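Subject: Structure handover

Hello,

Here is the structure I said I would pass on. My notes on it follow below.

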Amino acid sequence: MILHQWSPNGKFQSRLAYEFFRPKNAKLAWPKLVWHVAIIPRHTFILWLGLKDRLLTKNKLRDYIEDQSCPLCSAQNETLNHLFFQCTFGKQIWANIKSWLGIFRAMQSLKATVKWLIKEARGIGFLAKIKRIGIACMVYSIWEARNKRIFEGKVENRMPSLGVFKFNLIKFCIVCSRI
Ligand SMILES: [Zn+2]
């Protein structure tokens, strides 16, 4: 019933899922930051699932699948923290974008990252928006690369271009400036 609700034309629409899940009376600080209007809904949705520990990494499916290895590096088992903070592939994406955003702090977990963002990127200033959009964009990109590897067999031999991130960020800044 719910899936049908999110896919009126037979195609899943993250915007509808976003509206369904978006906390309407959030008291915690992080939902306000994550569910920010400036962040593209599908990026917010993946970041939110990650923060709630609901992303189905292989360690959560250990009763159903034998191969627990990380689809991006194959070096270790796939867990949420490995994928986003220990994997060589994920770490390289973080390094590129963090450097561009002028973030030098080491990130250890999604919760710690968002907690830091709440302090560091509060407000409606340009840089604060860019940081929020950038972090959500990074998380989504790593999850997307991981899914492409598993479900489509696509291998990213090179890191996603920083240009793609910049393009996305600028596009959303333009949208933000109209809000
Ligand atoms: Zn890995």
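Phe89, Gly90, Ile93, Trp94, Ile97 and Leu101 in H6 meet Ile130, Lys131, Gly134, Met138, Ser141, Ile142 and Ala145 in H8. Two residues are in contact here if their C-beta atoms, placed from the backbone, lie within 7 Å. The residues of this contact between H6 and H8 divide into 9 nonpolar, 3 polar and 1 charged.

Before the rest, two points on the source. This is a predicted model, in which local features need pLDDT of at least 70 and side-chain atom pairs count only at pLDDT 80 or more, while totals for chains, interfaces and linings use all residues. Residues are numbered from 1 along each chain as its sequence is written. Helices are DSSP runs (H or I, at least four residues), numbered from the N terminus.

The axes of H6 (residues 88–101) and H8 (residues 126–152) come within 10 Å and cross at roughly 160 degrees. That makes H6 roughly antiparallel to H8 (the term applies to angles over 145 degrees). Axes are lines fitted to C-alpha atoms, for helices over the stretch in contact, and angles run from 0 to 180 degrees between N-to-C directions. H6 passes H8 in a right-handed crossing, meaning that the near helix is turned clockwise from the far one by less than a right angle.

Ala128 is also in helix H8. Ala128 counts as partly exposed, with 17 C-beta neighbours inside 10 Å. The cut-offs are 20 or more other C-beta atoms within 10 Å for buried, 12 or fewer for exposed, and partly exposed in between, with C-beta atoms placed from the backbone. From Ala128 to Ile118 is 10 residues in sequence and 9.6 Å in space, C-alpha to C-alpha.

In helix H7 (residues 110–120), the buried residues are Leu110, Thr113, Val114 and Leu117. Seen down the axis of H7, they fall within an arc of 95 degrees, so they line one face of the helix. The arc is that of the directions from the helix axis to the C-beta atoms.

Lastly, the loop between helix H4 (41–51) and helix H5 (80–86) holds Asp53. Ser74 is placed in the loop between H4 and H5 as well. Phi of Asp53 is near 60 degrees, a positive value in a residue other than glycine, and Ser74 likewise has phi near 60 degrees. Asp53 counts as exposed, with 11 C-beta neighbours inside 10 Å; Ser74 is exposed, with 11 other C-beta atoms within 10 Å.

Regards

Terms used. Helix = DSSP H or I, 4+ residues; strand = E, 2+ residues; numbered from the N terminus. Parallel < 35°, antiparallel > 145°, perpendicular 65-115°, else oblique. Nonpolar A, V, L, I, M, F, W, Y, C, P; charged D, E, K, R; others polar.
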